[in-house]
Amino acid sequence: MSELCSIQGIRLFLKVWRFCQMYKSTTNFIKGITAGAVAGIAVAAVGSKMMKDNKHLKKSVNKAMHAAGDVIGNMESMFTK
């Protein structure tokens, strides 16, 4: 009987240990996601502010977007032929 109790105690200890390890790794993962989201929001806010204040920058970005779209379109036509 004593041996059965000790085996159950060890199993309970291992379950608790696994739960704690999983909690720690999940916490680090959530911290990384949160840091990435905060950095993305900050970049978006700064970019939005720059786009509103600078018409020349807005024109340049628009031209670059069109050029990138043209490149993608050209590559698509190369692969379909």
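This is a predicted model: local features need pLDDT of at least 70, side-chain atom pairs count only at pLDDT 80 or more; totals for chains, interfaces and linings use all residues.

Colleague: Thanks! Which residues form a nonpolar patch on the surface?

Modeller: A patch takes residues with over 30% relative accessible area. Ile10 has 51%, Phe13 has 53%, and Trp17 has 49%. Together with Leu14 they share about 440 Å² of accessible area. The nonpolar patch is therefore made of residues with over 30% relative accessible area, and its members are Ile10, Phe13, Leu14 and Trp17.

Colleague: Is Trp17 exposed or partly exposed?

Modeller: Exposed means over 50% relative accessible area, buried means under 20%, and partly exposed is in between. Trp17 has a relative accessible area of 49%, so this residue is partly exposed.

Colleague: How many aromatic pairs does a search of the whole structure find, and how is the pair of Phe13 and Trp17 arranged?

Modeller: The search of the whole structure finds 1 aromatic pair. Phe13 and Trp17 form an aromatic pair with 6.4 Å centre to centre and 25° between the planes. Planes under 30 degrees apart count as stacked, so the arrangement of Phe13 and Trp17 is stacked.

Colleague: Where do Phe13 and Trp17 lie, and how many residues apart are they?

Modeller: Helix 1 covers residues 2-53, and Ile10 has its place there too. Phe13 and Trp17 both lie in helix 1, about one turn of the helix apart, a spacing of 4 residues.

Colleague: What about the whole protein: why is it described as more spread out than a compact globule?

Modeller: The secondary structure comes to 2 helices and 0 strands. For 81 residues the globule rule gives 12 Å, and the protein is well over that, so it is more spread out than a compact globule, with a radius of gyration of 27 Å.

Colleague: What share of the 81 residues is buried?

Modeller: Buried means under 20% relative accessible area. The accessible surface comes to about 7,600 Å², with 70% of it belonging to carbon and sulfur atoms. The share of buried residues is 0%.

Colleague: Last one: how far apart in space are Gly36 and Asn74?

Modeller: Gly36 lies in helix 1 and is partly exposed, with a relative accessible area of 42%. Gly36 and Asn74 are 38 residues apart in sequence, and in space their C-alpha to C-alpha distance is 33 Å.

Methods:
Residues are numbered from 1 along each chain as its sequence is written. Side-chain values use heavy atoms; hydrogens and water are left out. Patches are made of residues with over 30% relative accessible area and no salt bridge: like charges are joined within 9 Å, nonpolar side chains (Val, Leu, Ile, Met, Phe, Trp, Tyr) within 5 Å. Accessible areas come from the Shrake-Rupley method with a 1.4 Å probe; for residues, only the protein chains shown count as cover. A salt bridge is a side-chain nitrogen of Lys or Arg within 4 Å of a carboxyl oxygen of Asp or Glu. Buried means under 20% relative accessible area, exposed over 50%, partly exposed in between (1.4 Å probe, protein chains only). Rings of Phe, Tyr and Trp (its six-membered ring) pair if their centres lie within 6.5 Å; planes under 30 degrees apart count as stacked, over 60 as edge-to-face and the rest as tilted. The radius of gyration is taken over C-alpha atoms; the globule rule is 2.2 Å times the number of residues to the power 0.38.
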